[in-house]
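Please walk through this protein chain with a few backbone and side-chain details in view. The sequence and model come next.

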Amino acid sequence: GVVDVPREKLHFAFMFSAPLVIPYRDNQGNPSVKKMENINHDRELKNIIDSLHQTNKHVNFCRTSATVKNLTSLLSQNPLALHFSGHGVKNNQENFGYAHDTSEGDFLVFEDDYGVAKLVSCKELSETLKANQCNLEFVFVSSCHSELVGKIFLQAGAKHVICIRRDEKVLDQASLAFVYNFYHALFSGRNPVCSAFKQGKANVKVEDCPKGEENKFILHKAVEDDAGFDNYMGAQHKCRTFRLRKGSCQDVGHNPLYSNFPAPVDNFVGRHIMMHEIINLIYANRLVTLKGIPGIGKTSLAKAVANYLYERQYPRDGIIYISLRGHETVGSVLYYIESKVRTKGNMDSTLDISRTREINRLGLALIESKRKQASSNHKEFISDILDGIYDSLKGLQGLFIMDNAEDVILSERDEFCDLIHRLLTNIPGLRIMMTSRCSIGSTLPDITEKIVNIPQLDPTRATLLFQ
């Protein structure tokens with residue numbers, strides 16, 4: 001049959017899991033963590049969204065990190081479709097040793113707020129789905145070894161589940177080819193799920209993939225009688241075509257106020273464990289400084305942390321990136337921060353030397369103008385400028401990234417420390433991450449500067465930069 005899908009419904013939810021580290025125990029039995037293998041979920045989502053745009057249909061979508069809390073939240077919104085992008089793990093002796101508990105079933109790799117992998121078993125997943133009424137029209141578990149997980153979604157009430165055979169790993173190229181054709185065929189409104197599944201497999205077959213790669217994708221289908229869906233022998237599967245209105249893709253997820261900051265560097269490698277440590281510090285502290293010699297990778301690390309947090313909607317109101325290279329006065333810094341706040345962070349994050357000098361000049365002129373209008377001390381002039389920033393950021397839950405702060409620290413350390421203290425005191429929801437060759441080196445009342453000394457990259461990791 002054909003189902004008319006309401007325009008206001010959440011049509012497509014994309015859950016991704018890309019934890020930085022996974023816990024394990026070393027040879028002495030002590031808890032530790034090691035780097036997780038990367039998954040390029042951004043490329044997968046872009047491929048899907050490009051496909052949806054080609055349908056010229058109105059599709060509401062959102063993206064969120066794969067935590068149990070977020071899964072529960074998505075199920076409460078009753079989306080038409082759920083797509084999971086992440087690792088799948090077989091529960092066998094090879095992966096877990098002789099003590100593995102087969103009753104738990106296989107695992108999906110979720111993540112926690114701090115970038116740590118969380119293994120969610122079939123048993124735990126089943127309990128979560130049943131507690132939250134899984135009425136999804138279809139689920140796509142884009143994970144290797146996900147066959148058993150797919151059956152859990154089906155048993156919990158999903159009408160269709162696409163997954164990967166338990167003993168197979170699927171190539172990224174094959175997965176991208178499949179999802180593009182599948183989602184285009186489905187959301188075009190001309191094909192039911194089963195037909196779209198066949199078209200997805202057909203696209204893998206014609207792509208430059210190893211023979212038989214398309215057969216790694218499998219489809220679990222619910223069966224239905226006249227009373228509704230009921231998985232028993234003798235009932236038949238009834239597939240639907242979903243008719244959406246004309247329009248375009250709309251991201252209906254949470255959009256922070258501040259989102260303009262540099263993308264991570266393409267060849268960023270070897271810092272996953274340190275990223276995890278920094279994220280832990282940012283959650284627990286309000287002032288974190290990444291300290292290291294020139295060229296060690298402080299800025300690249302800060303950008304990677306910022307993008308990782310932003311993808312996971314932390315903090316709630318977003319991230320403001322402030323490049324302080326060449327800013328030698330607190331007046332200049334204040335002028336630049338005020339401009340960033342006023343333009344919702346859309347001011348250029350990278351400025352040439354002449355522009356930085358102009359901001360320095362304007363910052364000094366602003367201070368001098370305030371000085372002429374009052375007879376009190378310098379700190380009160382600073383306070384006048386800060387008042388506007390406080391008003392703009394009232395109630396903010398955000399993160400300032402103050403990159404390359406050494407120039408202003410070395411030239412006006414006391415004034416800069418006072419500025420940092422005032423910002424953090426008057427904007428309770430603000431956190432600051434700085435990168436610098438030196439720390440502020442001053443005790444701030446009620447605020448502790450957590451310093452992360454950035455070491456040189458391990459030589460075996462460094463060589464990857466040149467491959």
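**A buried asparagine and some backbone details**

Asn47 counts as buried because its relative accessibility is 17%; buried means under 20% relative accessible area, exposed over 50%, and partly exposed in between, with a 1.4 Å probe and protein chains only. This is a predicted model, in which local features need pLDDT of at least 70 and side-chain atom pairs count only at pLDDT 80 or more, while totals for chains, interfaces and linings use all residues. Residues are numbered from 1 along each chain as its sequence is written, and side-chain values use heavy atoms, with hydrogens and water left out.

Asn47 sits in helix α1, residues 41–54. Helices (H or I, at least four residues) and strands (E, at least two) are DSSP runs, numbered from the N terminus. What does Asn47 contact, leaving aside its neighbours within four places in sequence? The partners are Leu176, Val179 and Tyr180. Contact here means heavy atoms within 4.5 Å.

Now turn to the loops. Asn78 lies between α2 (68–76) and β6 (81–85). Its phi is near 50 degrees, a positive value in a residue other than glycine. Asn78 counts as partly exposed, because its relative accessibility is 34%.

Asn404 also has a positive phi, about 55 degrees, and is not a glycine. Its loop runs between β19 (398–403) and α13 (406–411). Is Asn404 buried or exposed? It is buried, with a relative accessible area of 8%.

Tyr314 and Pro315 are joined in cis, with omega about -10 degrees. Pro315 belongs to the loop between α9 (298–311) and β18 (319–323).
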